[in-house]
Amino acid sequence: SFCGFVVFTNLSLQNNTIGTYQLAKVMTTPVIIVIQSVYYKKTFSTKIKLTLIPITLGVVLNSYYDVKFNFLGILFATLGVLVTSLYQVWVGAKQHELQVNSMQLLYYQAPMSSGILMVIVPFFEPVVGDGGIIGNWSLTALGMVLFSGIIAFLVNLSIYWIIGNTSPVTYNMFGHFKFCITLLGGYFLFKDPLSINQGLGILCTLLGILTYTHFKLQEQEDGKTKLVQRP
């Protein structure tokens with residue numbers, strides 16, 4: 001599932017506009033809820049489900065101007081959402097099932113995924129020649145590849161850690177929050193233009209995230225109270 005997550009999300013980004021990619025990406029959260037509800041019998045309160053409305057609306061407001069559809073893009077986006085959702089659910093489920101922590105699971109998963117991706121990559125990237133896997137790489141290019149590999153490792157470790165200690169849905173909330181921070185950071189630090197609709201979209205998304213956090217903490221407190229009250 002990790003290989004599908006890497007391949008299909010990158011193909012989705014390659015074949016879609018940024019707006020379409022972001023719009024598809026936000027669908028990961030409801031798909032995760034469906035998978036966990038149907039196959040893992042996990043229940044989600046109506047309040048938690050309703051928090052997805054302002055989040056989705058916020059992403060739409062931020063991305064609608066750049067939404068364009070094409071068959072190949074929709075296909076890769078759909079596959080990306082499905083595989084990503086399944087991957088994130090399995091990350092949490094396998095940690096609890098195998099009683100391992102995030103580092104241990106990543107240790108066993110990463111080499112296998114790397115081997116599979118080595119077989120897949122030649123179908124999408126040049127093997128030899130300029131820019132190919134086998135070619136004359138400058139020290140700068142090698143350094144950037146090494147640096148990006150380290151960043152990718154840390155990102156994957158954070159995914160495993162957050163999902164293992166919280167849930168796939170909560171991890172997605174972190175992702176939506178990161179999306180808002182990226183837009184705000186671009187506006188305040190680099191003076192990137194920010195339209196009124198984008199500002200409203202950020203507010204809607206943050207409102208949904210804060211509401212989700214409030215309800216989630218409330219449910220956790222209620223759960224602790226029930227445990228204490230048991231005879």
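Analyst: A helix here is a DSSP run of H or I covering at least four residues, and a strand is a run of E covering at least two. The model is predicted.

User: What makes up residues 105-124?

Analyst: By that definition the span is 80% helix and 0% strand, with its end C-alpha atoms 28 Å apart. Residues 20-40 are 86% helix and 0% strand, and their end C-alpha atoms lie 30 Å apart. Both spans come from the unreviewed UniProt entry, where the annotation "transmembrane region" also covers 71-93, 144-163 and 170-190.

User: How do you know that the length of helix H9 agrees with its number of residues?

Analyst: Helix H9 has 23 residues, 168-190, so at 1.5 Å a residue it should span 33 Å; the end C-alpha atoms are 32 Å apart, which agrees. After H9 comes Lys191, with a positive phi near 60°.

User: Which residues of H9 are called buried?

Analyst: The cut-off is under 20% relative accessible area. The buried residues of H9 include Val169, Met173, His176 and Phe179.

User: What makes the largest nonpolar core a core, and which members touch the most others?

Analyst: Its members are buried nonpolar residues joined through side-chain atoms within 4.5 Å. There are 20 of them, and Ile33, Phe44, Ile48, Ile55, Val169, Met173 and Tyr212 touch the most other members. H3, H5, H6, H9 and H10 each supply at least two residues, and H3 gives the most, with 4. Apart from this core lies another, of 17 residues, Phe2 and Ile159 among them.

User: What is Phe44 in contact with?

Analyst: Leaving aside neighbours within four places in sequence, Phe44 is in contact with Ile33, Gln36, Ser37, Lys49 and Val169.

Definitions and conventions:
Residues are numbered from 1 along each chain as its sequence is written. This is a predicted model: local features need pLDDT of at least 70, side-chain atom pairs count only at pLDDT 80 or more; totals for chains, interfaces and linings use all residues. Side-chain values use heavy atoms; hydrogens and water are left out. The expected span of a helix is 1.5 Å times one less than its number of residues. Buried means under 20% relative accessible area, exposed over 50%, partly exposed in between (1.4 Å probe, protein chains only). UniProt positions are given in the numbering used here, feature names are shortened, and annotations may be inferred rather than shown by experiment. Contact means heavy atoms within 4.5 Å.
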